Amino acid sequence: MTINKVDILLGLQWGDEGKGKVVDFLSRDYDIIARFNGGPNAGHTLEFNGMKHALHIIPSGICHQDKENIIGNGVLVEPCIFLEEIASLESKGFSPKNNLIISNKAHLILPTHRLMDAANEKSKGDKKIGSTLKGIGPAYTDKVARTGIRIGDIFEKDFFEKYNSTKTLHLNQIKALGFKVEDFKIADKALEDYEKEWFKSLEELKKFNIQNTEYYINNAINNGKKILAEGAQATMLDIDFGSYPFVTSSSTISAGVCSGLGIAPTCIGRIYGTTKAYCTRVGSGPFPTELFDEMGEKLCEQGHEYGVTTGRKRRTGWLDLVALKYACMINGVTDLMLMKIDVMDNFETVKLCEKYSLDGTQIDYIPYSMSSANLSPVYTEYDGWLTNVSKIREFEDLPKNMKTYIKAIEDKTGIRVSLISVSPDREDTIFRNK
């Protein structure tokens with residue numbers, strides 16, 4: 001009997017690194033793709049055959065009909081958004097009901113979680129964290145407080161009692177913040193109207209393959225199945241190691257796979273870390289290499305840097321190697337996946353932040369607070385390649401200056417760049433075999 005390790009794919013920046021494309025590309029070599037964290041605040045985009053597919057809750061291997069996809073216990077499921085994704089996939093000829101399994105221990109996002117999210121964000125005023133308003137924070141709060149509702153609960157006799165009790169708790173909390181329920185909408189609908197849709201979606205959710213996925217995954221491991229664990233958000237948004245408090249509410253790092261899927265640390269194999277060739281961030285929070293000039297606008301427009309989930313314009317900046325090395329260390333990254341390098345095809349020069357300056361002293365580590373006004377990036381400038389690379393398929397054929405830029409990333413992180421994305425399309429990818 002052959003026992004395979006579970007490989008991991010996760011983000012190393014502030015999200016939006018192109019994880020969806022990498023998972024979709026790698027899926028051909030795996031039997032199972034399993035999401036281990038996050039929820040509808042994630043936005044993973046797949047692009048192939050001239051079509052775009054935006055996923056939020058469903059794993060990015062879903063478009064491979066011969067692959068099993070698992071929504072793990074660490075994921076949050078919002079029934080309405082989930083059903084919208086299912087309908088979108090079905091309209092494009094896919095049959096997600098045939099190759100999707102959902103953990104009965106995954107927590108539900110209730111309508112009032114989304115109201116609480118909006119109320120909490122509004123109460124912070126100009127100190128808001130930039131929430132996607134999908135109910136993520138309040139749902140994870142309930143999970144930790146042991147008042148959450150799991151998918152398995154929808155089959156229990158006391159489900160409505162649990163639901164109403166939690167709903168009342170949420171409404172009282174909104175009132176305590178000084179707001180009324182009528183002050184907020186959910187997807188432009190009043191609570192009562194959205195609640196009806198939510199319960200209707202819940203009935204459809206019941207028809208899916210819901211089970212103890214920790215048993216399923218561990219049996220698959222023991223039977224030699226190849227499994228790829230897919231993370232949402234990214235390392236610098238991790239609840240413990242990200243730019244706190246401007247972070248998400250789950251563990252986004254490789255260690256989160258164990259608790260998010262129910263596997264042992266000894267089961268982990270390769271760890272694929274995804275990074276853009278530059279940096280972006282959505283919402284509030286520190287961003288040392290952020291650009292506020294024409295170059296920042298150029299990165300935004302040429303990279304189409306608008307959030308998949310929110311549509312918000314992303315902040316842009318040069319690649320931060322200090323933060324990238326930190327993320328590689330925290331995750332134990334074995335392979336770097338470099339995305340969107342083609343966005344800089346027509347830049348005469350490109351830059352890498354190789355150190356920070358803090359109070360006049362150069363450092364190569366992340367200080368306790370990345371928000372310090374006295375923290376600034378120290379750049380090294382490289383010549384651009386001024387070449388369209390979208391149809392190049394071999395690393396050796398890339399422009400010399402691009403290879404110099406990639407080698408600098410490898411030298412500073414100590415990790416090989418194993419995959420290079422040269423356009424959004426699935427096929428426009430260079431994979432460097434060992």
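Q: What is Met-337 in contact with, leaving aside its neighbours within four places in sequence?
A: Its partners are Leu-9, Val-22, Leu-26, Tyr-272, Gly-273, Thr-274, Thr-275, Ser-418, Leu-419 and Phe-431. Contact here means heavy atoms within 4.5 Å.

Q: Before we go on, what am I looking at, and what are the ground rules?
A: This is a predicted model, where local features need pLDDT of at least 70 and side-chain atom pairs count only at pLDDT 80 or more, while totals for chains, interfaces and linings use all residues. Residues are numbered from 1 along each chain as its sequence is written, and side-chain values use heavy atoms, with hydrogens and water left out.

Q: OK, back to Met-337. Buried or exposed?
A: Met-337 is buried, because its relative accessible area is 0%. Buried is under 20% relative accessible area, exposed is over 50%, and partly exposed is in between, using a 1.4 Å probe and protein chains only.

Q: Which element is Met-337 in?
A: Strand β15, residues 335–339. Strands are DSSP runs of E with at least two residues, helices are runs of H or I with at least four, and both are numbered from the N terminus.

Q: How far is Met-337 from Tyr-272, C-alpha to C-alpha?
A: The separation is 6.7 Å, although the two are 65 residues apart along the chain.

Q: Zooming out, how many helices and strands are there?
A: The protein has 11 helices and 20 strands.

Q: And how does the radius of gyration compare with a compact globule?
A: It agrees: a compact globule of 434 residues would come out near 22 Å, and the protein has 22 Å. That radius is taken over C-alpha atoms, and the globule rule is 2.2 Å times the number of residues to the power 0.38. Along the principal axes, the C-alpha atoms fill a box of roughly 65 × 55 × 40 Å.

Q: How much of the protein is buried?
A: Buried residues are 56% of the 434. As for contacts between residues at least 6 apart in sequence, 76% join residues at least 24 apart.

Q: Which residues have the most contacts inside the largest nonpolar core?
A: Met-344 and Tyr-405, in a core of 68 residues. Helix α10 (residues 321–331) gives the most to this core, with six residues. A nonpolar core is a set of buried Ala, Val, Leu, Ile, Met, Phe, Trp, Tyr and Cys residues joined through side-chain atoms within 4.5 Å.

Q: What does Met-344 touch, skipping neighbours within four places?
A: Met-344 is in contact with Ala-277, Tyr-278, Leu-299, Trp-318, Val-350, Trp-385 and Tyr-405. Apart from that core lies another, of 40 residues, including Cys-80, Ile-81, Phe-159 and Tyr-163.

Q: What's up with phi at Arg-146?
A: Phi of Arg-146 is near 65 degrees, a positive value in a residue other than glycine. Most residues other than glycine have a negative phi. Arg-146 is in the loop between α4 (136–144) and α5 (159–176), and counts as exposed because its relative accessibility is 78%.

Q: What about phi at Ala-187?
A: Also positive, near 55 degrees. Ala-187 is in the loop between α5 and α6 (191–205), and at 45% relative accessibility Ala-187 counts as partly exposed.
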